[in-house]
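Work through the exercises below with the model open. Try each task before reading its solution.

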Amino acid sequence: MRVDILTKEYPPNIYGGAGVHVAELVRALRDRGDVDARVRAFGVPVVEEGTTGYADLPDLAGANAAIRTMGVDLAMAGDCVGADLVHSHTWYANFAGHVGSLLGGMPHVVSAHSLEPMRPWKAEQLGGGYRVSSFVERTAYEAAAAVIAVSEGMRQDVLRSYPSIDPERVKVVHNGIDSQLWQRHRDDDTVRRHGVDPDGKSVIFVGRITRQKGLPYLLRAAAQLPPDVQLVLCAGSPDTPEIMAEVQGLMEELRATRKGVVWIPEMLPRAEVVALLSAATVFACPSIYEPLGIVNLEAMACELAVVATATGGIPEVVVDGETGWLVPIEQKQDGSGIPLDADRFVADLAHALNDAVSDPARASAMGLAGRTRAVDAFSWATIGDRTIQVYRDVLG
């Protein structure tokens with residue numbers, strides 16, 4: 001079976017959870033031996049057999065970013081002819097999958113990592129390009145032979161966003177974790193080099209600076225932490241100047257009232273992220289939109305308890321009272337996910353974080369339970385098998 005995997009992100013060009021998912025899924029499919037998984041990725045990917053990179057079209061250099069994306073997609077689509085099935089990831093590659101399917105007559109499977117209707121703030125970032133990306137996503141989803149949602153929460157979002165899709169075509173296959181790559185490993189020298197005391201308590205956040213990740217709420221909640229608790233933020237790649245300015249302002253306010261606030265804006269090698277996670281007391285995921293949250297699995301695999309928002313697919317990963325704390329949230333139903341009562345959400349987030357750091361032994365026990373859950377329920381071999389089953393169902 002030849003499957004063409006279409007993606008914007010692929011090593012070494014990974015900046016989010018979707019890219020991690022694609023890289024690990026491809027490895028799981030290739031390890032099986034019965035799937036010819038060919039990767040078609042934006043930019044210059046890692047050099048490996050069966051993987052092809054696609055540069056922006058020079059003639060579109062001055063066009064809107066969404067139009068440049070569609071140009072790359074058209075180049076990809078032509079090369080998909082001959083595949084048994086095409087599988088696209090995120091709206092960036094959905095157009096390639098849709099056109100490739102029409103051109104070659106093979107079925108198109110879409111993986112839903114996020115949804116444009118659930119991210120209206122992207123209009124700040126893309127302008128009219130957001131309307132284009134929304135058109136691309138809707139067209140691809142409604143025509144796809146199957147949609148793979150990375151959580152049941154995401155499945156429900158797909159059906160709400162695109163009610164014309166037959167629910168039988170929307171399948172749940174969770175994201176996964178490589179528990180060998182992500183496991184607890186103390187490296188105190190690395191931790192100290194980043195300005196963190198490995199012997200002290202710390203709350204750590206890892207993620208991009210986007211509206212959906214909820215970092216401003218965490219910064220407000222952190223003001224209520226005990227003074228001896230450090231806040232470690234591995235946060236970069238801001239979506240817009242506006243969200244960056246907001247985070248910088250809140251950071252300055254926080255640093256004016258407390259010590260131990262560490263901001264690491266660059267993307268770190270995995271080994272250094274593991275070291276920081278392994279030295280922390282608790283992981284914070286204040287997201288207001290999160291289809292599943294691979295970062296929570298990565299933290300759990302490193303034996304770290306998690307404090308996370310009870311939204312999207314997060315409750316399918318973090319078990320409240322067993323592997324961490326789920327923070328309740330009432331959200332606007334306009335797709336933005338904004339809390340109806342931001343002050344209440346911040347207060348509840350602060351309460352959960354304080355509960356976690358008040359008893360490190362209990363947090364440690366939850367971290368061990370999280371590691372067990374990550375290994376048992378979210379292995380890539382299992383996820384590869386479930387994905388293949390979706391392919392077989394589509395192909396008949």
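**Exercise 1. A residue and its opposite number**

Which residue stands opposite Val307 in E12?

Solution. Note before starting that the model is a predicted one. Step one: locate the strands. E11 and E12 pair in the parallel sense, over three bridges. Step two: read across. Ala284 stands opposite Val307. Step three: check which way the side chains of E12 point. Val306 and Ala308 point one way, Val307 and Thr309 the other. All four names belong to buried residues.

**Exercise 2. The nonpolar cores**

Which residues touch the most other members of the largest nonpolar core?

Solution. Step one: take the core of 53 residues. Tyr141, Val158, Ile204, Leu277 and Phe283 touch the most other members. Step two: ask where the core comes from. Helix H10 (residues 270-279) gives the largest share, six residues. Step three: follow Ile204. Leaving aside neighbours within four places in sequence, Ile204 is in contact with residues including Val232, Cys234, Leu276, Leu277 and Phe283. Step four: look for another core. A second, separate one has 38 residues, among them Leu225, Val282, Val307 and Leu353.

**Exercise 3. A covered helix**

How many residues of helix H11 (residues 294-301) are buried?

Solution. Step one: count. Eight of its eight residues are buried. Step two: inspect the names. Asn296 and Glu298 are among the buried residues of H11, as are Ile294 and Leu297. Step three: find the cover. It includes helix H1 (17-32), E8, H10, E11, E12 and helix H13 (360-377). Step four: step past the end. Just after H11, Glu303 takes a positive phi of about 65 degrees.

**Exercise 4. Rings**

Why does the pair of Tyr217 and Phe345 count as edge-to-face?

Solution. Step one: count the aromatic pairs. There are three. Step two: take the geometry of this pair. The ring centres of Tyr217 and Phe345 are 5.4 Å apart and the planes stand at 75 degrees, so the pair is edge-to-face. The cut-off for that label is over 60 degrees. Tyr217 lies in helix H8 (residues 215-222) and Phe345 in helix H12 (residues 342-358), so the pair ties together parts 128 residues apart in sequence. Step four: check burial. Tyr217 and Phe345 are both buried.

Finish with a charge over a ring. Lys8 lies over the face of Tyr92, at 5.0 Å from the ring centre.

Definitions and conventions: Residues numbered from 1 in each chain as written. Predicted model: local features only at pLDDT ≥ 70, side-chain atom pairs only at ≥ 80, totals over all residues. Heavy atoms only, no water. Phe/Tyr/Trp six-rings, centres within 6.5 Å; stacked < 30°, edge-to-face > 60°. Helix = DSSP H or I, 4+ residues; strand = E, 2+ residues; numbered from the N terminus. Buried < 20%, exposed > 50% of the residue type's maximum accessible area, 1.4 Å probe, protein only. Lys NZ or Arg CZ within 6 Å of the ring centre and 35° of its normal. Core = buried A, V, L, I, M, F, W, Y, C linked by side-chain atoms within 4.5 Å. Contact = heavy atoms within 4.5 Å. Pairing = 2+ DSSP bridges.
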